[in-house]
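Subject: Structure handover

Hi,

Here is the structure I promised to pass on. Please open it and keep it beside you as you read my notes below.

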Amino acid sequence: MTTLLTNVCKQYDDQGKTVLKNVTAKIETGEFFVIVGPSGCGKSTLLRMIAGLTQISNGEISIDGQIVNNLPPKDRNLTMVFQSYALFPFLSVWDNVAFGLRARKHEQSEIEERVNNALKMVNLEDLKERKPRELSGGQRQRVALARAVASDAKICLMDEPLSNLDAQLRIKMRQEIYALQRKLGIILIYVTHDQVEAMTMADHIMVLHDSMVQQIGTPAEIYKAPANEFVAGFFGVPPINILFATKVGDHSIKVNNNFQVEVEQIVTEKEMKVGIRPNELIVEKADELSANATVQNIEFLGDEKIIHATFNNGGNVSAIVPGIAKFDIFEMVKITSSNNVLLFNQNGINITENKGDLINA
Ligand SMILES: Nc1ncnc2c1ncn2[C@@H]1O[C@H](COP(=O)(O)OP(=O)(O)OP(=O)(O)O)[C@@H](O)[C@H]1O
């Protein structure tokens with residue numbers, strides 16, 4: 001059971017701008033596939049096209065070897081969990097889960113077995129008589145999940161299912177959805193704009209931006225070998241620092257006209273951009289002569305602190321330092337970096353070599 005997207009395009013009207021351009025991807029059986037990107041990049045549109053709720057303008061979607069472009073949603077062997085959960089307010093939990101099975105005219109005994117099993121799986125057996133309004137957000141979320149579990153579909157589509165929950169519950173539900181997906185062995189295609197959700201749950205992540213797929217890869221690939229500056233900036237908190245750099249030797253660059261970094265590869269560009277994760281920056285106490293930056297703000301996170309600083313010659317950076325490191329606001333410091341940096345050409349394309357090594361590092 002694979003799902004194939006081949007050059008899928010979407011324009012909402014003839015003159016309208018293209019929302020999605022040539023989206024191509026292969027999603028394998030048992031895969032947790034996350035579609036991520038900023039608001040408005042077309043994530044929901046893509047999911048709805050896979051579901052059959054939105055017509056595609058061009059390209060091909062196939063499920064298990066069958067082209068489904070013109071197949072109605074009910075014939076695509078998939079279920080969908082929406083952001084709003086879409087529960088029926090006047091039906092009990094049990095009846096909400098049974099609804100789809102009844103609509104598809106399953107035998108009563110089979111419906112009972114499937115609904116009871118699904119409720120057991122999501123720990124809702126004791127609440128099966130309740131109405132949705134008598135449930136917490138997390139419990140409602142579980143009813144929506146139970147409905148997906150009961151349906152026996154091989155593909156489950158989820159559109160930002162956790163966005164209405166508070167931070168703690170989100171983490172818990174994240175783990176539950178992940179465990180459930182693994183247990184059922186289904187394809188789960190999950191839309192989110194939350195990079196942490198994407199990183200923690202996905203087997204593969206598709207990053208969408210500017211109507212196009214920027215990269216598809218494992219979380220490690222996406223983080224350690226981002227295809228371009230956009231992907232690099234989308235993952236990681238605080239975000240990667242992007243600074244200008246110039247070549248000063250075959251293997252040396254000068255970053256922001258401030259400090260030198262030695263890189264393994266031969267530097268081919270005269271001018272480029274360099275991406276430095278906040279934990280690769282080194283912040284040291286400095287006297288007036290050696291200082292190249294000033295601390296502007298400090299965020300204490302317990303084990304770590306985030307230092308926001310401005311270089312004396314312009315340019316802001318964020319650095320992660322140990323929680324016990326002592327710095328003051330407006331203190332002058334010396335900032336340098338490890339050699340573990342990413343190089344981007346002027347167009348923002350990642351030109352770092354040995355990306356494979358980076359992923360295994
Ligand atoms: N029915 C529609 N008719 C016309 N334009 C639409 C329609 N639905 C969505 N769009 C436009 O298509 C683009 C992509 O929308 P979509 O909802 O797919 O983005 P998204 O990435 O899911 O956003 P969000 O994270 O904010 O939910 C947006 O510019 C949106 O305004």
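Which residues have the most contacts inside the largest nonpolar core? They are Val97, Ala146 and Ile189, in a core of 89 residues. Helix 4 gives the most to this core, with 7 residues. The core also draws on both domains, with at least three residues from each of domain 1 (3–228) and domain 2 (234–344). Bear in mind that this is a predicted model.

Start with Val97. Leave aside its neighbours within four places in sequence. Val97 is then in contact with Val115, Ala118, Leu119, Val143, Ala146, Arg147 and Ala150.

Next, look at the helix pair. Two packed helices are described by the angle between their axes and the distance between the axes. Here the axes of helix 2 (residues 93–103) and helix 4 (residues 137–151) come within 9 Å. They cross at roughly 35°, and the crossing is right-handed. Helix 2 brings Val93, Asn96, Val97, Gly100 and Leu101 to the contact. Helix 4 meets them with Val143, Ala146, Arg147, Ala150 and Ser151. By class, that contact has 6 nonpolar, 3 polar and 1 charged residues.

Now the domains. The chain is divided into domain 1 (3–228) and domain 2 (234–344). Their centres, taken over C-alpha atoms, are 39 Å apart. Where they touch, 6 residues of domain 1 are in contact with 4 residues of domain 2. On the domain 1 side, helix 6 (195–201) and helix 7 (219–224) are the elements that give two or more residues. That side divides into 4 nonpolar, 2 polar and no charged residues.

Best wishes

Key. Residues are numbered from 1 along each chain as its sequence is written. This is a predicted model: local features need pLDDT of at least 70, side-chain atom pairs count only at pLDDT 80 or more; totals for chains, interfaces and linings use all residues. Axes are lines fitted to C-alpha atoms, for helices over the stretch in contact, and angles run from 0 to 180 degrees between N-to-C directions. Helices (H or I, at least four residues) and strands (E, at least two) are DSSP runs, numbered from the N terminus. A crossing is left-handed if the near helix is turned anticlockwise from the far one by less than a right angle, and right-handed if clockwise. Two residues are in contact if their C-beta atoms, placed from the backbone, lie within 7 Å. Ala, Val, Leu, Ile, Met, Phe, Trp, Tyr, Cys and Pro count as nonpolar, Asp, Glu, Lys and Arg as charged, and the others, Gly among them, as polar. A nonpolar core is a set of buried Ala, Val, Leu, Ile, Met, Phe, Trp, Tyr and Cys residues joined through C-beta atoms within 7 Å. A residue is buried if 20 or more other C-beta atoms lie within 10 Å of its own, exposed if 12 or fewer, and partly exposed in between; C-beta atoms are placed from the backbone. Domain bounds come from an automatic or database domain assignment.
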